[in-house]
Amino acid sequence: MPMWEGEEDFGEGKGPTPKQRLLHWIQSRVPDLPITNFTADWNDGRAVGALVDAVAPGLCPDWQDWNPTDSLQNASEAMGLADDWLNVRQLIRPEELVSPNMDEQSMMTYLSQYPNAKLKQGAPLRPRTNPNSSGDVTSKKGGRMCDVVSGIGVRAYGPGIEPSGPVVGAPANFTVETFSAGKGQVDVAIENPHGEAEPVDIRFNKDRNLTYSVSYTPKLEGNHNVSVKFAGREIPKSPYTVLVEGHAGDASKVTASGPGLQPEGVMINRPTYFDISTKDAGRGGPEVIILDPAGNKNTVPVKLRQISPDVWRCEYVSPITGLHSVNIFFAGKPIPNSPCGVRVAPVFDAKKVRASGRGLQPCGVRVKDEATFKIYTEGAGEGTPEVNIIGPGGVKEPVKMHKVNGTTYEVIYNPRKEGRYVVMVSFAGQEIPRSPFEVSVGPYKETLIKAYGPGLVGGVVNYPALFTVETNGETGALGFSIEGPSQAKIDCHDNGDGSADVRYYPTAPGEYAVHILCDSEDIPKSPYVAQVLPNTDYYPDKVECYGKGLEKDGAMKGKPTEFTVDTRKAGSAPLDVQVNYGGVATKNSPYRVYVSEPLNASNVHVFGPGVEKGVKSNLPTHFNVDCREAGQGDIQISLTNEKGVEVPLKIVDNEDGTFTVDYVVQQPGTYFIKVLYGGVKTPQSPISVTVQPHVDVSKIKVDGLEPTAPVNSLQQFRVITHGAGKADFAVAITSPSGSKVKAHVIPTHEGFLVNFTPTELGEYLLSISFGGEPVSPTPYRFTCMHGSDPTKVHATGPGLERGVVGNPAEFCIDTRGAGQGGLGVTVEGPCEAAINCRDNGDGTCSVAYLPTEIGDYSINITFNDHHIPGSPFQALVVPEADLKKIKVSGNGIQPHGNAIIPMAPESCRSSAFLHLDSEGPSSTIHLLFPSWWVIGFREPLRVHIYSTKFCSYDWKTVLKITRASPVLLQTLSPTGIQFPGLLLSPPGP
């Protein structure tokens, strides 16, 4: 037994009994009372009050003044204080303590808590009341309440005693706190400016701080004298002079805010506050009245104090949960939004905690047993459980408690003596339901009787719960009883070998105590606690067991045997296998085995159209996953694109070991399907799937869409989808301002015909899609402009100026920017020239005509019947050159200076002459040649061309050699024939 404070150590095996020790300890603490027993000496309740005050001086200082005839009141107050502030649980009721038939053992158990009691923080300690003071408790106006000692330790606060603030006709309130002064009398007197007494109302709040709420309503302006006395003496600062003003302020200008006014968030027994702003409200003071859920005014005292000239702070602590009404007044009138509803919530709810287990059963636990039970705190809120176990003689038993999970605790204790044990379980300082538990611990006993089977630990509603009992030669009458939520029928079958199979049939889920009795007494380890579950989706009666290992003569020494348990028709559930040898369970028996195939991800098969060729975008597809031969495991399936972005999947469990996976991809491309089974990749994973567009947009053609169009003109183009497949067609036209243009789409045999009318000037964007796929990577564009403008049509090319007989003369016409219109081209000349026009599709047109005779030709180009700039154009057509008749001469073509290279003279009508004039370091070459020749020169020659009449076709070209280096001169005919190169060397200085 542990030593107590102030107790003498008598050594091992010596000294008084536990009863004597407890009595001696109490006598040493309460020497003023003649306590000699644990029954009659305690009946008036005064001895308990004395013991409480002895353990915690100041907690119950007035016990000496208690009237012995008020025994129940005395006991209730003392035991309540001990429970609240010393954590001494009321194992007996006050009615039992004052009874002449008090049970000595129970009283000793209760009193045995005091030697180890510790005072909690915040306890209301106070000095003893002056025995010479007396008075009656009243609550009348101007009355007296409670006997008091002195004004020391008493304080008053609130707007009703402030120097200014109260107004005529409005309640003025303040609080008197007697926490540190003990029991006593509070006197309050209000004297108006005429020296007359004003009515005053005093209410005791019955809170831990022993406060009183005082209220008076002044009727006159001027200074009022407020006298507050405690035990007939003025408290500090009393009397108070309060200036009452005549005109009440405007309550509508007062506001209040703070956590104490929030609808949610205020906790029981936790302080909160809110602030009241009286700025610009005028004269008056605030008043706060809080109604508890029952409508009581005095259960939630408030504390009002001024923290600035215009701000008052209201503080309160509610000891009650539920919806409170916070009423705020100014100058006697409610302020806006008053009253406010505030719901006070519990920080914890010990009523939601439950405890169960063998260690709490009323009987069955024996000395040296490991008595266990569990505490379940789910839904109880903040807090931790606390367990105190008082054994015989009031001895506190050691307890081990550990946390199993977030809301479950396991408690273990080992009773050392037989007798009555009281197990007290509290949560966050409050007793849980059914606590304290009384456990009658029996003497230590050994037995040969063994019990085993699933029915001792659990079961299922409406199925037999089976267990086996083996006597192993021990004699005695066996008996069984089942205690639980339902009455359970019991069947017992005697096997004739000293064992019995027992079945009981629970009809409701819950905790069952299975008592196995021998000669009407629980065997060791009895009762067993079984958790019975509700009916489930598996069927134990459909399990088939067979094999040589289960046959009577199926096992031989030294040879393995086997048997089969077939659960295919019984659903999914754990399987218990019990193995006994010689009637005794072997080590680790019963073995717990879950019936399933071994995990083998290589047996997972993935198949279906969703993992094969032919998957199209925007079309739903699926694939299947077969895990029936892969054992038990969790499946994980993902589908990602090349950038790793996941595509949503719909996975359907077919509940037969197979899964169906549906998906739709929006864009073509390469995708990867990963399949994990039991965290292991399957052989096919990852599976690459190429998603094709569900239409072939490469086969779609857009025809007739012009690059320009006049404003307010009907535009029409065709979309040819033949061979691209069938799908939805869509066209979106965006105007230059960003608005959508309505288009009329007409299906045709080759695709679609689109009509629309542009109404704005500027560039339009046309997005054409087929089956959700864009026909072109970028939108089509066309420009809407005013009506046609021929001046903006331009024609360029050599065919507008010259030509060679028998060769096409080409030029190009650019109509971009000219708007809509018809283009006309005609060629007039010595002969009818064939004309070929080709639309380049970008607003330009390539034209070629073929002259067959020499002469002047007139080329007419019109746009909307108007000539374009420069039309008609004049072109000279000449015969094709005969290169064999050309000769070159002159000293300018000599390899060294001015020497002339002779060339084979050959007269011709078309001839060229090369002449070189030497002028210092530079040389000038004069070349006369027919105008249809082309001469090409390599750098660094500079070419100047001017026209000189020579016959009717010749021009003169001046070439200047700009550096002293050989120059290769080449001439080309109009047909591309190259003359022999002439190497020219510049002359020396």
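Reply: Start with strand 37 and strand 39 (residues 528-533), which pair in the antiparallel sense over five bridges. A strand here is a DSSP run of E with at least two residues, a helix is a run of H or I with at least four, and both are numbered from the N terminus. Two strands count as paired if DSSP finds at least two bridges between them. In general, strands of a sheet pair through backbone hydrogen bonds, either parallel or antiparallel.

The model is predicted, so local features need pLDDT of at least 70 and side-chain atom pairs need 80 or more, while totals for chains, interfaces and linings use all residues. Residues are numbered from 1 along each chain as its sequence is written, and side-chain values use heavy atoms, with hydrogens and water left out.

Back to the pair. Glu-511 stands opposite Gln-531 in strand 39. Strand 37 covers residues 510-518. Seven of its nine residues are buried, so the strand is mostly covered. Buried means under 20% relative accessible area, exposed means over 50%, and partly exposed lies in between (1.4 Å probe, protein chains only).

Strand 37 has another partner in strand 34 (residues 478-483). This pairing is antiparallel too, over six bridges. Look for Ser-481 and its bridge partner in strand 37, His-515.

Now follow the chain past the end of strand 37. Strand 38 (residues 521-522) pairs with strand 37 in the antiparallel sense, over two bridges. Cys-518 stands opposite Glu-521 in strand 38. The two strands form a hairpin with two residues between them. Asp-519 sits in that loop between strand 37 and strand 38. Its phi is near 55°, a positive value in a residue other than glycine.

The next loop joins strand 38 and strand 39, and it holds Pro-527. A cis peptide bond links Ser-526 to Pro-527, with omega about 5°. Another cis bond runs from Ser-685 to Pro-686, with omega near -5°. Pro-686 lies in the loop between strand 52 (680-681) and strand 53 (687-691).

Asn-472 lies in the loop between strand 33 (465-470) and strand 34. Asn-472 has a positive phi near 55°, and it is not a glycine. This residue is partly exposed, with a relative accessible area of 37%.

Strand 21 pairs with strand 23 (residues 371-376) in the antiparallel sense, over three bridges. Ala-355 has Ile-375 in strand 23 as its bridge partner.

Helix 1 (residues 18-29) has 12 residues and should span 16 Å at 1.5 Å a residue. The expected span is 1.5 Å times one less than the number of residues. The end C-alpha atoms of helix 1 are 17 Å apart, which agrees. Its buried residues include Arg-21, Leu-22, Leu-23, Trp-25 and Ile-26. Among the elements that cover the buried residues of helix 1 are helix 2 (46-55) and helix 5 (104-111). Such covering rests on contact, meaning heavy atoms within 4.5 Å.

Helix 2 is largely enclosed by the rest of the structure, because eight of its 10 residues are buried. Among the buried residues of helix 2 are Arg-46, Ala-47, Val-48 and Gly-49. Ala-50, Leu-51, Val-52 and Asp-53 are buried there as well. The cover over the buried residues of helix 2 includes helix 1, helix 3 (71-85), helix 4 (94-97) and helix 5.
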